[in-house]
Structure formats: C-alpha cells, structure tokens
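Hi there,

Here is the structure I promised to pass on to you. Please have a look at it first, and then read my notes below.

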Amino acid sequence: MTKVKQFLCGTAVASLVAGTGAAAVGTQLGLSAVTAEWMLAAEHVLLLGTDGTNLDKILEYAYNDDSGFKMLMDRGITAATTIAGHMTMSTPSWSTILTGVWDDKHGVVSNVYRPEPYTTWPSVFNLLEYNKPEIETTVISGRGLFTEIASTGGYPADNIIGITGGSTSAEMDALVTQETISRILATTNNPNIDTFMFSYQSQVDHAGHSYGGGSDEYRDAVINVGANWKEILEAVAQAEAATGDKWTIIAVTDHGHQQNPDLFGFSLGHGFQSPNETSSFVMLSLAGNEAQAGGQSLSYQTIDITPTILQAFGIPMRSDFDGVPMQTDPDILNGIVFPADLKQALTDAINSYGYPDIGTDIMLSIRALAGGAGYFLENYALPPILNFLQSIVDQDIFLISGLAEGTQWALKTVGAATADVLTDIGRVVAYFTGAGVIPPNDAPLPLPGAAEFTGSLEALLADHAVSTPDLGGADVPSFLDVDALLS
C-alpha cells in the first residue's frame with residue numbers, strides 16, 4: 001500500500017510548502033521555518049466531536065491536567081470560533097463540519113435527516129472513500145445522524161459503529177470512548193493501513209437542553225468529556241509509541257448553548273444567534289508539527305475541518321469548498337499566535353464575539369423556527385402527551401383506557417403527518433431565506449459501477465462493512481441495528 005509518507009514526496013511536497021508562505025510565518029513567530037516533515041507524517045487522522053460544548057466552560061471547568069481538552073491544547077493549536085450568521089442547530093452545524101460548506105450550500109435546516117444534501121455535497125467519508133478507498137474509515141457514535149451520514153452515498157465509511165448501550169448519554173459516551181480506544185490500539189496490528197476515525201460525544205448537549213449551559217449538570221458533562229478524551233489521547237500516544245506513526249487530531253463542537261432554562265424549567269438550548277449559542281471551537285494537533293504546540297489560531301473555522309482532513313491524506317480539494325486546509329492555507333498560517341496566557345487569550349476572543357447584523361439575526365430566527373417546527377412537534381411536543389395517554393392505557397381502566405388508546409393512535413397519525421408538512425414548509429421558508437440556494441461547481445461523485453468509476457466494485461463492497469463494537473464481553477446492550485441502518 002502506498003502510504004501518505006510515500007505519496008507526498010519530492011516535487012509535490014516542495015510545491016505545497018512553497019505555495020503556502022509557511023516559512024515566512026515561522027520566521028515571524030520566532031520559530032524555525034515550517035518544513036515538509038509534518039506533511040509527510042500524517043498517516044492517521046482522528047476527529048473528536050463533542051456536541052453543544054461552550055469553550056468558556058471548558059476553560060472554566062476542564063483546563064487542567066486531568067482533562068483531554070487541556071492535553072489537546074498543549075499538544076496543538078486552539079481557536080475560539082463563532083458560527084454567527086449560520087444556523088446553530090446540530091444537524092445543520094455538523095453537516096457544515098462534515099462537508100466543508102455552509103448551510104447556504106448544503107441546505108440542511110433542521111434535525112430531520114434527509115440523504116439528498118450529502119449526495120449533492122458529499123461528506124468527508126464519501127470523499128475519502130472515493131479518492132482513496134485504501135484508507136480505513138470509521139465512525140463511532142451513539143447518535144444515528146452520523147451513522148446515517150457515513151452510510152449515505154456510493155462510498156460509505158468502512159466501519160459504521162452505532163453505540164446503543166448505556167441508560168444515559170454519559171454512559172453511552174463512555175462506551176463510545178472505549179470503542180474508540182479499542183480501534184486506535186488495533187491500528188498497531190496493521191501499521192501500514194492509513195486510518196480516519198470520527199468519534200462523537202453527546203452528553204454536554206443533553207445536559208444543556210435539560211438544565212441549561214450554566215448548570216452544574218452541564219459542568220459535570222464537560223468534565224466527563226474531558227476525562228473521556230484524556231483516555232483517548234493516551235491511547236493515541238500508546239499507538240504512536242508502538243508504531244512510530246504520528247496522528248493528526250482535530251477536535252470540534254457544532255454550536256454552543258443558552259445558559260439558563262426558561263420559565264418552564266426547559267431550555268431549547270440553541271438554534272438562535274446569541275453569542276452563547278454561536279460559540280464554537282476548533283483544536284488541531286497536526287502530526288509531526290510540535291513546533292506550534294500550545295498556539296492559538298485567530299482564523300480557524302468549522303468549515304475548514306473537512307478540507308484539512310483531505311489535505312492530510314493528499315486528496316485534492318473540491319473547487320466549491322467554503323473551508324480551506326488549516327495546515328497549508330497562508331492566511332490561516334498567518335493567524336497563528338503564541339500568547340503568554342492561552343486561557344486568557346481564548347477568553348478574550350470568546351468575549352469579542354457578538355450577534356450578527358439585525359437583518360441576518362431576524363432571517364436566521366425565522367429559518368430556525370420554520371425549519372425546526374416539524375422536528376420540535378414530533379420529538380418534544382407530542383411525546384409528553386403520548387406518554388401521559390400511555391399511562392392511562394397501562395392502567396386498563398374500563399372504557400377510559402380504550403379511549404386513551406384511540407386518542408393516542410390519532411395523535412400519532414395526525415402528528416406525524418403534521419410534522420412532515422411542517423418540515424416541508426420549513427425547507428421552503430429556509431430556501432427563501434438563503435439556505436441551499438448555491439449549487440455545487442463540482443460534478444457529483446460517480447456511483448460505483450458507473451462509467452466514470454474506475455475502481456473495483458467487488459473490492460469496494462468487500463471493503464465496507466457495518467460493524468458492531470467489540471466491548472470485550474462487557475454485559476451491555478450495545479449492538480447496532482443493522483436492518484434499520486441499511487433501510
């Protein structure tokens with residue numbers, strides 16, 4: 001197998017370095033000139049995702065030696081970023097991260113999953129598998145969104161691992177962590193295979209929705225994710241020591257959170273344009289680039305993550321990406337600084353962000369309300385009523401329970417239909433407020449078997465499998481519903 005070390009060599013590396021202005025940046029920052037060495041070292045890329053995690057809470061509660069957040073900041077470059085001017089819902093924001101384009105292109109405006117945006121704007125999984133199917137691609141998540149995205153298109157991820165064990169989001173995240181560690185350590189058995197992994201943690205977002213971003217529960221969730229990431233980073237260090245290979249590690253959140261629940265004790269959490277909701281962060285530890293450890297970027301954005309991953313494996317950029325590779329773009333390299341107090345510098349950056357202009361704020365508020373109405377009805381408004389009716393059904397009260405069961409059926413039927421209509425209306429409103437209005441410049445990826453596809457279909461099919469995690473005999477129900485995933 002041709003490894004990245006061998007692929008990025010000679011003239012190719014020289015032209016990449018010469019075209020970035022990297023040497024000038026290194027001199028400006030008082031560092032030795034950035035060389036091609038780190039560009040030759042990236043054989044494994046790990047993307048760590050944590051949902052709805054405010055960087056200011058990380059700095060307050062998890063900026064210590066027990067936290068993977070701090071370990072990653074010490075190892076790489078950190079940016080306090082904002083997605084102001086773009087949707088702060090989870091699925092639109094993660095779609096931006098995993099496609100490299102904003103919502104005015106991919107058009108995702110709610111948490112209702114649809115496959116079409118990811119065939120028009122292929123995900124990082126599709127782009128890796130189409131261009132270099134020899135890369136072992138893995139997604140590990142307790143949330144179906146990511147197993148769906150990784151399955152969509154003609155070039156799905158090799159290992160799609162849905163974690164369903166655990167009675168709480170914290171327990172599920174712990175299972176995700178153990179499976180991620182297992183997969184990282186397994187690379188030591190196959191050191192010649194390049195790998196990309198995406199590992200997702202959900203508990204911070206759940207705490208924010210239930211209790212608010214300023215709650216003790218939110219604090220505890222941030223600390224828990226930091227502890228989980230510490231274990232993962234220790235596994236990476238173990239794998240690096242065993243093989244001599246270097247890992248590029250990227251960490252990101254999709255959005256922030258409102259700080260307090262509303263008067264009814266419930267918080268929508270996010271979706272609008274307050275600075276707490278548009279808060280995000282990006283951390284990058286580039287394989288072999290220890291010279292920039294502990295730095296701060298003034299330029300990283302969440303749209304840069306997919307281009308950065310492709311660049312690490314020597315894969316050409318799409319012409320219509322909104323993002324750029326963080327390791328080679330000259331403007332981004334010029335935005336790397338080394339503050340005397342990183343924590344304070346990041347805090348100052350967070351405090352500098354505000355609302356978008358009033359017109360954008362109103363437009364995105366309308367889009368969020370319209371786009372999220374169907375999802376809210378189906379997932380938040382109806383379930384409490386249906387659960388109450390179910391409690392009456394379970395009591396088996398003469399006539400009353402039967403009436404409750406009939407009402408429950410009617411609400412489910414009408415509610416589902418209404419949610420679908422609201423979702424369709426939301427997409428129309430979103431389009432007229434600017435979502436999904438920009439078509440791609442690049443042609444769609446040809447499907448396997450098409451005339452344009454030059455790879456081996458048999459090899460591709462044999463190389464992709466939906467997997468369930470090996471938890472070493474742990475007595476937990478953590479098996480993936482393969483039939484549901486493939487349906």
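Gly68, Phe69, Met71, Leu72 and Arg75 of helix H5 touch Val222, Val225, Gly226, Trp229, Lys230, Leu233, Glu234, Val236 and Glu240 of helix H13, where contact means heavy atoms within 4.5 Å. By class, this contact holds eight nonpolar, two polar and four charged residues (Ala, Val, Leu, Ile, Met, Phe, Trp, Tyr, Cys and Pro count as nonpolar, Asp, Glu, Lys and Arg as charged, and the others, Gly among them, as polar).

Before you go on: this is a predicted model, in which local features need pLDDT of at least 70 and side-chain atom pairs count only at pLDDT 80 or more, while totals for chains, interfaces and linings use all residues. Residues are numbered from 1 along each chain as its sequence is written, and side-chain values use heavy atoms, with hydrogens and water left out.

H5 spans residues 68-75 and H13 residues 216-243; helices are DSSP runs (H or I, at least four residues), numbered from the N terminus. Their axes lie 6 Å apart at an angle of about 50 degrees (axes are lines fitted to C-alpha atoms over the stretch in contact, and angles run from 0 to 180 degrees between N-to-C directions). H5 and H13 are therefore oblique to each other (angles under 35 degrees count as roughly parallel, over 145 as roughly antiparallel, 65 to 115 as roughly perpendicular and the rest as oblique).

Helices H6 (residues 90-99) and H10 (residues 144-151) pack at about 40 degrees, with axes 12 Å apart. Thr91, Trp94 and Leu98 of H6 meet Leu145, Phe146 and Ile149 of H10.

Best wishes

Notes:
Helices (H or I, at least four residues) and strands (E, at least two) are DSSP runs, numbered from the N terminus.
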